[in-house]
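Here is a short briefing on one protein model.

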Amino acid sequence: MVILHVKRGDESHFLFSAGVHETVDVLVRDITAIFNGRLKVGRICAGRSLLVAEMAELAEHGITLPPNMQGLTDEQLVDLKLKDEWEDKCVPSGGAVFKKDDIGRRNGHAPNDKMKAVLLKTVDEAKALISKKQAEVNVCVTMAVVKEALDQLRGAVMIAYPMGLPPHDPIRMEFEDCEDLSGTQASLQVLEESECQLWWAAKEMQRGKKLQDYIGKNDKTKLVVKIQKKGQGAPAREPLVTNEQHKQMMLHYYRRQEELKKLEEADDDSYMDSEWSDRQALKRQFQGLTNIKWGPR
């Protein structure tokens with residue numbers, strides 16, 4: 001199987017295996033699905049922005065309030081006579097522990113410590129399955145792995161909330177594939193299959209062709225392919241050396257310079273005064289002229 005190291009720009013994402021007889025259309029379809037699936041797992045675990053981690057917030061502050069109640073103070077909710085109808089329906093398993101959400105996004109009825117630990121542990125396991133570090137240890141990511149990560153997250157939520165989450169909760173919306181990403185940074189990361197291109201060796205891999213049309217029938221090779229949207233032009237070429245190789249080269253040059261400095265410091269003629277460097281020492285020894293001292297004894 002050919003190993004494809006999938007990147008977007010200079011950022012490494014995952015490894016994908018394919019046969020040389022696979023068409024480019026199938027490669028684009030599968031790679032795009034895995035790419036978007038990893039984004040979905042990331043949004044559930046870490047949120048649509050770096051400021052909100054959805055699963056961690058669910059474990060810490062409970063379910064999301066309805067959109068018309070978010071950000072309002074308790075006094076404003078009373079004045080407007082607003083009440084969360086899902087508060088009594090979506091009760092965490094084992095009872096709730098009140099932890100007020102300072103930003104007013106969640107209702108504050110958090111699961112107990114045991115259920116919280118289940119949610120957070122599952123988040124770490126799901127993130128590990130689709131982590132970019134998998135590429136460093138030569139582990140390929142498939143759509144089955146992505147689905148496994150989503151199933152683990154879905155199962156943890158069902159354990160903590162047997163009655164489910166409210167329909168407006170972003171985690172439930174992600175599970176049901178009805179999330180609304182419009183106007184968010186996350187929407188810019190999602191790729192549409194029809195708009196995707198694969199590039200290898202500064203060449204676009206044309207749809208309708210097979211992988212073997214580009215690399216031949218050698219299925220024991222590894223390629224670095226870059227995925228991007230149409231109209232963005234050719235991606236930047238891969239550097240001749242990796243960051244790690246560059247670091248090792250710089251370290252080698254630094255050590256070499258330090259060695260040369262030490263040699264320069266030691267490059268003097270003081271050794272000429274040493275007894276072992278005297279060329280006439282052997283001759284004087286044969287003539288009996290060694291150990292001669294001048295002056296009175």
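**Strand pairing**

Trp199 stands opposite Lys226 in S7. The model is predicted: local features need pLDDT of at least 70, side-chain atom pairs count only at pLDDT 80 or more, and totals for chains, interfaces and linings use all residues. Residues are numbered from 1 along each chain as its sequence is written, and side-chain values use heavy atoms, leaving out hydrogens and water.

- Strand S5 (residues 196-200) runs antiparallel to S7, joined by five bridges. Strands are DSSP runs of E, at least two residues, and helices are runs of H or I, at least four, numbered from the N terminus. Two strands pair if DSSP finds at least two bridges between them.
- S7 (residues 222-229) also pairs with strand S1 (residues 2-8), in the parallel sense, over five bridges.
- Ile3 has Lys222 as its bridge partner in S7.

**Arg106**

- Arg106 sits in the loop between strand S3 (96-98) and strand S4 (109-111).
- Arg106 counts as buried because its relative accessibility is 3%. Buried means under 20% relative accessible area, exposed over 50%, partly exposed in between (1.4 Å probe, protein chains only).
- Contacts (heavy atoms within 4.5 Å) of Arg106, beyond four places in sequence, include Glu54, Glu57, His61, Asp101 and Asp169.

**Met249**

- Helix H9 (residues 243-265) contains Met249.
- Met249 counts as partly exposed because its relative accessibility is 34%.
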